[in-house]
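Please look through the structure shown here and read the points that follow alongside it.

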Amino acid sequence: MLTARLTIDPHFAVGTVQRRLFGGFVEHLGRHVYDGIYEPGHPTADTDGFRADVIELVRELGVSTIRYPGGNFVSGFRWEDSVGPRKQRPRRLDLAWHSTETNEVGLHEFDSWLQKVGSDLMLAVNLGTRGTSEALDLLEYANIADGTSRAEERKRNGRTEPFAVEMWCLGNEMDGPWQLGHRSADDYGKLASRTAKAMRMLDPRVKLIVCGSSSAHMPTFGEWERTVLTHTYDDVDYISCHAYYEERDGDLGSFLASAVDMDHFIESVIAAADHVGAVRGSSKKIDISFDEWNIWYASRFENEEKIESIDQWPVAPRLLEDVYTVADAVVFGNLMISLLKHSDRVRSASLAQLVNVIAPIMTEPGGPAWRQTTFFPFAITSRLACGSALDLKLDAPLYDSRRYGTVPLIDAVATHDASTATAAVFLVNRSTDEPITVTIDLTSLGTVTLRESHTLADTDVYAKNTLGDPERVSPRPNDSVRIAPGELTVTVPPVSWTALGLDLG
Ligand code: AHR
């Protein structure tokens, strides 16, 4: 039997776990909004046309802030189309996803859905086909109480109180050649700086996120961050990171080590940001908003035949409807471990996305809604992780991965909350064939009792939840947990994700 050892000590806090780390992302894309969260004809639809079964699942998922309305979509979006009397809203071509946007759901409707699911709004402005002036109009509409043209327009449209949006993304993936209005780092940096300065003049309370690279593997990665932050360092609070992972060429070993890449990505962006700060002699730190992360079989999507006809612009087509496996959920849980491990600088994150589109929740029109495998690590981590994230001492066996070199078979993080006298441990076993017994040294935590344990694993690592078999995969209590004074042992099966909830004192 392979063994590993972890030491947890609350003195080694990395940073406070921000609730915003458990954010989501809703883009007008495919069946996310229409036929996903909004389906007026559905048997569970409420009076606003939102599916109550989906609302319940989003609440269970425990999502804090939700980024909206894109994504690539936002770079061609005119926000004015999405407010005002519904019958008068224009239908528009969505160039990013070759679809028709009906604008039936817009800012007001989405905000009312957010109130039902208990999440906050994070807005992205269009810096692709639009600029500073339109961003200011939207900010005025959303955040100014009354007495101005845009504020009064909002009130006429039925919303007396401002939306009071705090988090604002300055465009989306502006480094990507696929992006409408794609720019060089220099051009984007200047535009983002001008826009940020103007937005702060209008509302100094806003928190601003400038676009970092759309992946750590973009040819401009690093230099993009340096140039963009050189223009915007004093104007913004966060720089974004985006990362998607998938199993490629049947190389499960490398796929299971994806979080190693995420760790490296985060640390590289911190290094780039701190370099700009050092050159400027600034004591300010720029944090990371990891506002798109997930498992996405993007290579399958790229190889699919696309509708390109000028006569066909479907409404809510089935796009990016990945079906996730147990292995996907284990990597997903490990990505959450990576985010938590960097709680000192990753202070906001958005799972991309929420419903139907690379999502933890799936729906059928007129039919059920169900949890994908990835639902479980998100819901459990969001519920259990609080207080401070701790730097663990980890001794684990190693393995050779083709893509990321020699990496540990176990990855883990713990959180500790003195105010509720609780702690939580999250760990993955990346071995494809061996269980591992992990001994956790808890001496510094005092008296510990196990409140709950959850392990996600399966003899078939490619098992999935589907419309026909929606409950095939779910986590189970881990019966191997033993607690002795100062020590806990747990055996974790191959390709597994585990969470332990502990009570202290
Ligand atoms: O999440 C899907 C897409 O991935 C988003 O629209 C875009 O920002 C990213 O490339």
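1. In their side chains, Glu 173 has an N or O atom 2.7 Å from a ligand oxygen, and Gln 353 has an N or O atom 2.9 Å from a ligand oxygen. Of the 280 Å² of accessible area that the ligand has on its own, the protein covers 95% (areas by the Shrake-Rupley method with a 1.4 Å probe).

2. Before reading further, please note that this is a predicted model, in which local features need pLDDT of at least 70 and side-chain atom pairs count only at pLDDT 80 or more, while totals for chains, interfaces and linings use all residues. Residues are numbered from 1 along each chain as its sequence is written, and side-chain values use heavy atoms, with hydrogens and water left out.

3. Which residues surround the ligand? Among them are Phe 25, Glu 27, Gly 71, Trp 97, Tyr 244 and Ile 358, where a residue is near if one of its heavy atoms lies within 4 Å. By class, this shell has five nonpolar, four polar and three charged residues, with Gly counted as polar and Glu as charged.

4. The whole structure holds 15 aromatic pairs, meaning rings of Phe, Tyr or Trp (its six-membered ring) with centres within 6.5 Å, called stacked if the planes are under 30 degrees apart, edge-to-face if over 60 and tilted otherwise. The rings of Phe 22 and Phe 378 are edge-to-face because their planes stand at 90 degrees, with the centres 6.4 Å apart. This pair links distant parts of the chain, 356 residues apart, as Phe 22 is in the loop between β2 and β3 and Phe 378 is in helix α11; helices (H or I, at least four residues) and strands (E, at least two) are DSSP runs, numbered from the N terminus.

5. Most peptide bonds are trans, and most residues other than glycine have a negative phi. The bond from Tyr 68 to Pro 69, however, is cis, with omega near 5 degrees, and a cis bond also joins Gly 70 and Gly 71, with omega about 20 degrees. Pro 69 is found in the loop between β4 and β5, and Gly 71 lies in the loop between β4 and β5. His 98, in the loop between β5 and β6, has a positive phi near 45 degrees.

Key: Polar contact = N/O pair within 3.5 Å; in protein donor to acceptor, adjacent residues only side chain to side chain.
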